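Me: I would like to learn how to read a few features of a protein model. Please show me the structure and take me through them.

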Amino acid sequence: MPANVTVIDHPLVQHKLTLMRRAETSTAKFRTLLTEISMLLAYEVTRDLPLKYEAIQTPLATMDAPVLAAEKKLVLVSIMRAGQGILDGMLQLIPSARVGHIGLYRDPSTLIPVEYYFKVPHDIEDRDMLVVDPMVATGNSAIAAVDRLKETNPKSLKLVCLLAAPEGIQNFQTYHPDVPIYTAAIDEKLDEHGYIIPGLGDAGDRLFGTK
């Protein structure tokens, strides 16, 4: 396992990922599965969130009960467009999180990402940031996104994806060894077009029904 990389191998995550990989899975089903698996990923990625204790009244007694110490200090940043699918699922579990977007497209000839949109909340310095994108293939888009997001000085950064290629992980860690990666699987390799093998195809196309 590469350093600073966590593979979330929960049986439900792996089962749903297999369903998403199948070529015959419909757009509607793919979208539903991505929402479900994103909630499970959020559960694991936020495992280390700090807690504090507040006095509450239950129907029977008072008690000091645990609550998130920084419930409103999370920001989820979607690498558009496919990151939106993960974002929607995570927001169901963490509805109070702030949201940012970074728009990147991959030049088909150079595989270099080109930025076309960037907007994140203010006061990022106080916030823990989860950057979400279904695929880390070459890693170039994730590198460009994190380069840009580090300029806002977030309190912490994590990268969350469904699938990663070994080449993409190595490339990303060359530039951002301090940013942990959370993924549901590390696949075999990239093909000559920069797609993950065996992968699940183009996540954005399968999510939105485009080609």
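Reply: Five elements, β4 (74–80), β5 (98–106), β8 (135–136), α4 (140–150) and α6 (203–208), each give at least two residues to the lining of the largest pocket. Helices (H or I, at least four residues) and strands (E, at least two) are DSSP runs, numbered from the N terminus. The model is predicted: local features need pLDDT of at least 70 and side-chain atom pairs count only at pLDDT 80 or more, while totals for chains, interfaces and linings use all residues. Residues are numbered from 1 along each chain as its sequence is written, and side-chain values use heavy atoms, with hydrogens and water left out.

Me: What is the volume of the largest pocket, and which residues lie nearest its centre?

Reply: Rolling a probe the size of a water molecule over the atoms shows where empty space is left. On a 1 Å grid over the protein atoms alone, a pocket is an open set of points where a 1.4 Å probe fits, with protein on both sides within 12 Å along at least five of seven lines; lining residues have an atom within 4 Å of a point. Grid points are joined across faces, edges and corners, and a volume is the space filled by probe spheres set on the points. Here the volume is about 720 Å³. Of the 28 lining residues, Leu104, Arg106, Ser141, Tyr195 and Asp202 lie nearest the centre.

Me: How does the lining of the largest pocket divide by class?

Reply: Ala, Val, Leu, Ile, Met, Phe, Trp, Tyr, Cys and Pro count as nonpolar, Asp, Glu, Lys and Arg as charged, and the others, Gly among them, as polar. The lining of the largest pocket has 16 nonpolar, 8 polar and 4 charged residues.

Me: How is a pair of aromatic rings described?

Reply: By the distance of the centres and the angle of the planes. Rings of Phe, Tyr and Trp (its six-membered ring) pair if their centres lie within 6.5 Å; planes under 30 degrees apart count as stacked, over 60 as edge-to-face and the rest as tilted. This rule gives 1 aromatic pair. The ring centres of Tyr105 and Tyr116 are 6.4 Å apart and the planes are at 35°, so the pair is tilted. Tyr105 belongs to strand β5 and Tyr116 to strand β6 (residues 113–119), 11 residues apart.

Me: Is His176 buried or exposed?

Reply: Buried means under 20% relative accessible area, exposed over 50%, partly exposed in between (1.4 Å probe, protein chains only). His176 has a relative accessible area of 2%, so His176 is buried. His176 sits in the loop between α5 (166–175) and β10 (181–186). Contact means heavy atoms within 4.5 Å. Apart from neighbours within four places in sequence, His176 is in contact with Ile143, Val146, Asp147 and Lys150.
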